[in-house]
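User: Could you walk me through how some of the helices pack here? I'd enjoy going step by step.

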Amino acid sequence: MPPHTRSRETVRASPGPPSPHRQPLGGPAAATAGGAVIWGTLGPVTAQFPAGHLLHVAELRLLIGAAALYFLARRRRMSHVPWQRRELMAVALGSVAVSGFSVCYFHAVELSGVATSTVIAIGGAPILAGLTARFVTRRPVTRTWALATAVAVVGIALVSLPGGTLAFSLLGIALAALAAALYAAQADTIQAVARRHGPATAVAAIFGGGALTLAPWLPGAVPWAAADPERLAGVVYLGLFTTAVAYALFAHGVNRLGAPTAVTISLLEPATAAVLAAVWLDQGLSVPRWAGIALVLGGLALMMRPQRPGRTSA
């Protein structure tokens, strides 16, 4: 094979997100939405655990999820790509963000309830992801994304209106807001690592590191979970589904759509969590909250509307 031909083949085979004008958004968007719906079960399941054991839940969830993601990455392993220093730094940052999000989110659920904590933790993340893309990584965001995100965030605000049986805690809200920042950081680091190593390897590495950061709680977590079959089943569900499956789908969306768009689609999570909280945990939803859920769905539908070729980013 002539050298110039080999060079073109190498470039063509290199990993990286395709142009949004050349690839349909349906598949990656559906994958991200599927992960978000699975995440919506995280709060209601977590609420069934006894208070005071959130670090045990967080550690086992990350450990089980990281192991499942590792085997997934092994099955989808591409040609070996050497790790760069900046990618290792992204993995370290992502690991801290993953473990920190779990701790902050679970504490927020205990203090402020499932629906309120989820909508704040996830509702603020798209704005932070968009600001990071625009001013830190210098990636443009489209006007459609900005409008759709604004509509969806207004919907999240309606869903999180205080009242009914929802708890209200300033500390819980602060922890949920911190979780939003950490969630946006997760998406950015997944996108940075997945660019050369693929989404499966990215989430496996980041969640493996996240599990290591909570390793000091592992000796107490295992006997705590094993002592109750229902508790163990709940932890296994959180690890396999709300971590491994959901984040594999989310990472695919981040790699193809970019962090801001994928994080906005994940606003389906609080809508799902709010409905489950109303049905499963008897946390009532008023008419404004149902209207907020409708706005979330409307905003996502607006963002997924096909755009005319040649439309420029804002």
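**Helix packing, step by step**

User: Leaving aside neighbours within four places in sequence, which residues is Ile-190 in contact with?

Analyst: Happy to start there, with the note that this is a predicted model. Ile-190 is among the residues that touch the most other members of the largest nonpolar core, which has 82 residues. With its neighbours within four places in sequence set aside, its contacts are Ala-202, Val-203, Ile-206, Tyr-247, Phe-250, Ala-251 and Val-254.

User: Is α9 roughly parallel or roughly perpendicular to α12?

Analyst: Helix α9 covers residues 170-197 and helix α12 residues 229-257, and their axes come within 9 Å and cross at roughly 70°. Angles of 65 to 115 degrees count as roughly perpendicular. Therefore α9 is, relative to α12, roughly perpendicular.

User: Which residues of α12 make that contact with α9?

Analyst: The crossing of α9 past α12 is right-handed. By class, the contact has eight nonpolar, three polar and one charged residues. From α9 come Tyr-183, Gln-186, Ala-187, Ile-190, Gln-191, Ala-194 and Arg-195, and they meet, in α12, Tyr-247, Phe-250, Ala-251, Val-254 and Asn-255.

Definitions and conventions
Residues are numbered from 1 along each chain as its sequence is written. This is a predicted model: local features need pLDDT of at least 70, side-chain atom pairs count only at pLDDT 80 or more; totals for chains, interfaces and linings use all residues. Side-chain values use heavy atoms; hydrogens and water are left out. A nonpolar core is a set of buried Ala, Val, Leu, Ile, Met, Phe, Trp, Tyr and Cys residues joined through side-chain atoms within 4.5 Å. Buried means under 20% relative accessible area, exposed over 50%, partly exposed in between (1.4 Å probe, protein chains only). Contact means heavy atoms within 4.5 Å. Axes are lines fitted to C-alpha atoms, for helices over the stretch in contact, and angles run from 0 to 180 degrees between N-to-C directions. Helices (H or I, at least four residues) and strands (E, at least two) are DSSP runs, numbered from the N terminus. Angles under 35 degrees count as roughly parallel, over 145 as roughly antiparallel, 65 to 115 as roughly perpendicular and the rest as oblique. A crossing is left-handed if the near helix is turned anticlockwise from the far one by less than a right angle, and right-handed if clockwise. Ala, Val, Leu, Ile, Met, Phe, Trp, Tyr, Cys and Pro count as nonpolar, Asp, Glu, Lys and Arg as charged, and the others, Gly among them, as polar.
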